[in-house]
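The structure is shown below.

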Amino acid sequence: MTNDHPPRLGSYQAVAEILDTSRQAVYNRWQKYQKRQSKKPRRSDFPLPYIVTTDGPFWNLDEVEEYARRHKLGRFHEE
């Protein structure tokens with residue numbers, strides 16, 4: 001028996017809330033990443049989406065929170 005559980009997934013708005021930024025800022029960053037993807041290697045340690053659907057990307061929110069914690073962003077700014 002394992003304690004595996006499905007990841008908590010979230011779209012632009014959920015990621016924006018964790019990072020304490022706007023949904024539009026997350027969307028713009030994703031669009032910029034999509035344009036650069038084939039030209040340059042990835043330089044950011046920001047987590048890639050868990051899945052990309054026709055509704056857009058969905059990130060594993062645990063990974064986004066860990067990123068925010070490491071970089072002291074959003075609610076982790078004061079830690």
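With a relative accessible area of 30%, Leu73 is partly exposed. In this predicted model, Leu73 lies in the segment after helix H3, which spans 61-71. Leaving aside residues up to four places away in sequence, Leu73 touches Ile18, Leu19, Tyr67 and Ala68.

Leu73 and Asp20 are separated by 53 residues in sequence, yet their C-alpha atoms are 7.2 Å apart in space.

## The buried face of H1

The buried residues of H1 are Tyr12, Val15, Ala16, Ile18 and Leu19. Viewed down the axis of H1, these buried residues fall within an arc of 160°, so they line one face of the helix. The elements that cover them include strand E1 (9-10), H2, strand E3 (56-60) and H3.

## Packing of H1 against H2

Two packed helices are described by the angle between their axes and by the distance between those axes. For helix H1 (residues 12-19) and helix H2 (residues 23-36), the axes come within 8 Å and cross at roughly 110°. H1 is therefore roughly perpendicular to H2, and the crossing of the two helices is right-handed.

On the H1 side, Tyr12, Gln13, Val15 and Ala16 take part in the contact, and they meet Arg23, Val26, Tyr27, Trp30 and Gln31 of H2. The residues of this contact of H1 with H2 divide into six nonpolar, two polar and one charged.

Terms used
Residues are numbered from 1 along each chain as its sequence is written. This is a predicted model: local features need pLDDT of at least 70, side-chain atom pairs count only at pLDDT 80 or more; totals for chains, interfaces and linings use all residues. Side-chain values use heavy atoms; hydrogens and water are left out. Axes are lines fitted to C-alpha atoms, for helices over the stretch in contact, and angles run from 0 to 180 degrees between N-to-C directions. Helices (H or I, at least four residues) and strands (E, at least two) are DSSP runs, numbered from the N terminus. Angles under 35 degrees count as roughly parallel, over 145 as roughly antiparallel, 65 to 115 as roughly perpendicular and the rest as oblique. A crossing is left-handed if the near helix is turned anticlockwise from the far one by less than a right angle, and right-handed if clockwise. Contact means heavy atoms within 4.5 Å. Ala, Val, Leu, Ile, Met, Phe, Trp, Tyr, Cys and Pro count as nonpolar, Asp, Glu, Lys and Arg as charged, and the others, Gly among them, as polar. Buried means under 20% relative accessible area, exposed over 50%, partly exposed in between (1.4 Å probe, protein chains only). The arc is that of the directions from the helix axis to the C-beta atoms.
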